[in-house]
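Subject: Structure handover

Hello,

Please find the structure below. My notes on it come after.

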Amino acid sequence: MEIGGIPTVVIGVGAFRDRLAAMRLPRTIITPHPMGRTLGVPGDYETQKKVILAALDLLETASSPGMIVDLPGRYQV
């Protein structure tokens, strides 16, 4: 997709940070959430919105290929 001119951001969880880094993806957001809940607790629209907005922001602000951003916070049920 990147070669075709479509920028991408991968949203992953901390458990896979090392694997995602090894893949050398163009842009990656790492959330503090568990597997299967990458965007947060189901129904927690505020947290989900923050993750999505962070990913969109990374599209505009990434200064180098392979950039990884760790989102702050904790997973809260």
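Predicted model: local features only at pLDDT ≥ 70, side-chain atom pairs only at ≥ 80, totals over all residues.

Pocket. The largest pocket holds about 220 Å³ of space. Its lining consists of 15 residues, and those nearest the pocket centre are Pro32, His33, Thr47, Pro72 and Arg74. By type, the lining of the largest pocket has 6 nonpolar, 6 polar and 3 charged residues. Helix H2, which spans residues 45-61, contributes the most to this lining, with 3 residues.

Core. The largest nonpolar core has 6 residues: Ile29, Val51, Ala54, Ala55, Leu58 and Leu71. H2 supplies the largest share of this core, 4 residues. H2 therefore gives the most to the pocket lining and also the largest share of the core, if those terms are read by the definition of a helix as a DSSP run. For Ala54, once neighbours within four places in sequence are set aside, the contacts are Ile29 and Leu71. As general background, nonpolar side chains tend to be buried together in soluble globular proteins.

Strand residue. Thr28 sits in strand S2, residues 27-31. Is Thr28 buried or exposed? Its relative accessibility is 1%, and the cut-off for buried is under 20%, so Thr28 counts as buried. Not counting residues up to four places away in sequence, Thr28 touches Val10, Leu20, Leu58, Met67, Ile68 and Val69. One of these, Leu58, also belongs to the largest nonpolar core.

Regards

Notes:
Residues numbered from 1 in each chain as written. Heavy atoms only, no water. 1 Å grid on protein atoms, 1.4 Å probe; cavity = no way out; pocket = protein on both sides within 12 Å on 5 of 7 lines; lining within 4 Å. Points joined across faces, edges and corners; volume = space filled by probe spheres on them. Helix = DSSP H or I, 4+ residues; strand = E, 2+ residues; numbered from the N terminus. Nonpolar A, V, L, I, M, F, W, Y, C, P; charged D, E, K, R; others polar. Buried < 20%, exposed > 50% of the residue type's maximum accessible area, 1.4 Å probe, protein only. Contact = heavy atoms within 4.5 Å. Core = buried A, V, L, I, M, F, W, Y, C linked by side-chain atoms within 4.5 Å.
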